[in-house]
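Colleague: I am new to reading protein models. Could you walk me through this one, feature by feature?

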Amino acid sequence: MENTSVTTGKNFILLGLFNYTEFHLFLFSMVFMTFLTSLMGNAFMIMLIYVDPRLHTPMYFLLSQLSLMDMMLVLTIVPKMAANYLRHTRSISPTGCGAQIVLLLTLGGGECFLLAAMAYDRYVAICHPLRYPILMNQKLCLHMTAGSWLLGGVDGLMQAGATLSFPYCHSREINHFFCEAPSLVRLTCANTMIFEFFMYVCCILMLLIPLSLILASYSLILAAVFRMQSTEARKKAFATCSSHLAVVGLFYGTSMFIYMRPKSYHSVGHDKVVSAFYTILTPVLNPLIYSVRNIEVKGACRKWLEKHFKGPRRISGGVFRVFYVEDHVICK
């Protein structure tokens with residue numbers, strides 16, 4: 001039997017993602033390692049953009065904001081989940097639950113609009129390269145970033161406030177591993193039909209408006225690329241955009257699967273797996289995608305490694321050498 005304590009009263013109960021079998025302990029270890037990798041990868045990306053002058057451009061400033069959002073997203077979910085699992089408890093206070101809802105919607109909504117801003121940046125860079133410094137100036141870049149955070153924050157505060165204002169007359173068990181508005185609405189004993197319709201409309205607007213802007217930007221980019229005479233220019237344009245399109249596909253695919261399906265198609269088990277994918281796995285993939293597919297990021301990374309590790313270094317009485325063969329780092 002599981003030796004898991006459950007706190008009743010006014011706290012909510014998170015049923016979680018794992019039980020205490022050996023296989024689930026292994027899965028928990030993998031999730032926690034993914035969490036640590038995500039934190040280190042995104043922190044390294046932010047540091048790299050900050051220290052390398054070649055990355056002080058609007059594109060990489062927006063990318064640093066994406067990495068910051070991804071770091072905050074995993075910090076919102078995984079530490080509480082891990083603490084509950086390791087302490088064999090499942091409770092979360094209404095305040096903690098509300099904070100998770102606000103942060104999740106702020107970061108999720110903000111990322112939607114930030115990805116649209118990044119698509120516009122690529123459109124200007126490829127379709128209007130000579131006017132890029134004017135059309136994507138620092139002021140506009142800051143306004144787009146602030147607008148992304150603001151729109152996500154407004155959505156989060158509205159939905160969290162409304163969700164926690166309902167009376168919870170029955171079970172307070174949330175069949176999930178974090179607090180989200182749809183899961184809490186199912187526990188209320190009030191008529192939530194109007195709120196659920198409002199919440200569904202909000203999700204559609206927060207997802208489809210930025211997605212429409214992204215599709216419009218890339219339609220214009222595609223048209224411009226096909227008009228290019230140089231094969232090398234086409235390859236460079238596709239390489240620049242492919243990493244962003246991969247991130248857009250991961251984020252929007254999982255988000256639309258969760259929030260835009262009809263109720264009759266929802267399955268708790270599937271929802272948990274997909275939620276784990278976009279809240280835990282996607283943040284670790286984003287810096288990997290940008291570092292593998294982006295020439296400037298790879299160059300900045302190589303420069304940083306050469307600066308800090310090239311040549312013999314004495315560690316614990318031994319000698320540590322780093323040799324570079326083409327694009328690979330070989331340590332001895």
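Modeller: Take L66 as a way in. L66 touches E111, L114, L115, M118, V247, N286 and Y290, leaving aside residues up to four places away in sequence. Keep in mind that this is a predicted model.

Colleague: How do I read a nonpolar core, and how many residues has the largest one here?

Modeller: The general idea comes first. In soluble globular proteins, nonpolar side chains tend to be buried together. Now the case here. The largest nonpolar core has 61 residues. Those with the most contacts inside it are L63, L66, L115, M118, I214 and Y252. The elements giving two or more residues to this core include α1 (22-51), α3 (94-127), α7 (193-227) and α10 (295-309).

Colleague: Which element gives the most to this core?

Modeller: That is α2, with 14 residues.

**The disulfide**

Colleague: C97 is a cysteine. Which residue does a disulfide join to C97?

Modeller: The partner is C179, with an S to S distance of 2.0 Å. A search of the whole structure finds one disulfide. C97 lies in helix α3, and C179 lies in the loop between β3 (173-174) and α6 (181-185), so the pair ties together parts that are 82 residues apart in sequence.

Colleague: Why is this disulfide called left-handed?

Modeller: Look at the torsion about the S-S bond of C97 and C179. It is about -110°, so the disulfide is left-handed. C97 and C179 are both buried.

Colleague: Is C141 buried or exposed?

Modeller: C141 counts as buried because its relative accessibility is 4%, and buried means under 20%. C301 has 22%, so this cysteine is partly exposed.

**Salt bridges**

Colleague: What about charged side chains?

Modeller: Side chains of opposite charge can pair when their charged atoms come close. Here the count comes to two salt bridges. In one, R54 meets D52 at 3.2 Å, N to O. R54 is partly exposed, at 49% relative accessible area, whereas D52 is buried, at 4%. In the other, R122 pairs with D121, and the closest N and O atoms are 2.7 Å apart. Both R122 and D121 are buried.

**A surface patch**

Colleague: Which residues form a nonpolar patch on the surface?

Modeller: F197, V201, L205, I209 and L213 do. Together they have about 460 Å² of accessible area. L213 lies in helix α7. L213 counts as partly exposed because its relative accessibility is 48%.

Notes
Residues are numbered from 1 along each chain as its sequence is written. This is a predicted model: local features need pLDDT of at least 70, side-chain atom pairs count only at pLDDT 80 or more; totals for chains, interfaces and linings use all residues. Side-chain values use heavy atoms; hydrogens and water are left out. A nonpolar core is a set of buried Ala, Val, Leu, Ile, Met, Phe, Trp, Tyr and Cys residues joined through side-chain atoms within 4.5 Å. Buried means under 20% relative accessible area, exposed over 50%, partly exposed in between (1.4 Å probe, protein chains only). Helices (H or I, at least four residues) and strands (E, at least two) are DSSP runs, numbered from the N terminus. Contact means heavy atoms within 4.5 Å. Patches are made of residues with over 30% relative accessible area and no salt bridge: like charges are joined within 9 Å, nonpolar side chains (Val, Leu, Ile, Met, Phe, Trp, Tyr) within 5 Å. Accessible areas come from the Shrake-Rupley method with a 1.4 Å probe; for residues, only the protein chains shown count as cover. A salt bridge is a side-chain nitrogen of Lys or Arg within 4 Å of a carboxyl oxygen of Asp or Glu. A disulfide is a pair of cysteine sulfur atoms within 2.5 Å.
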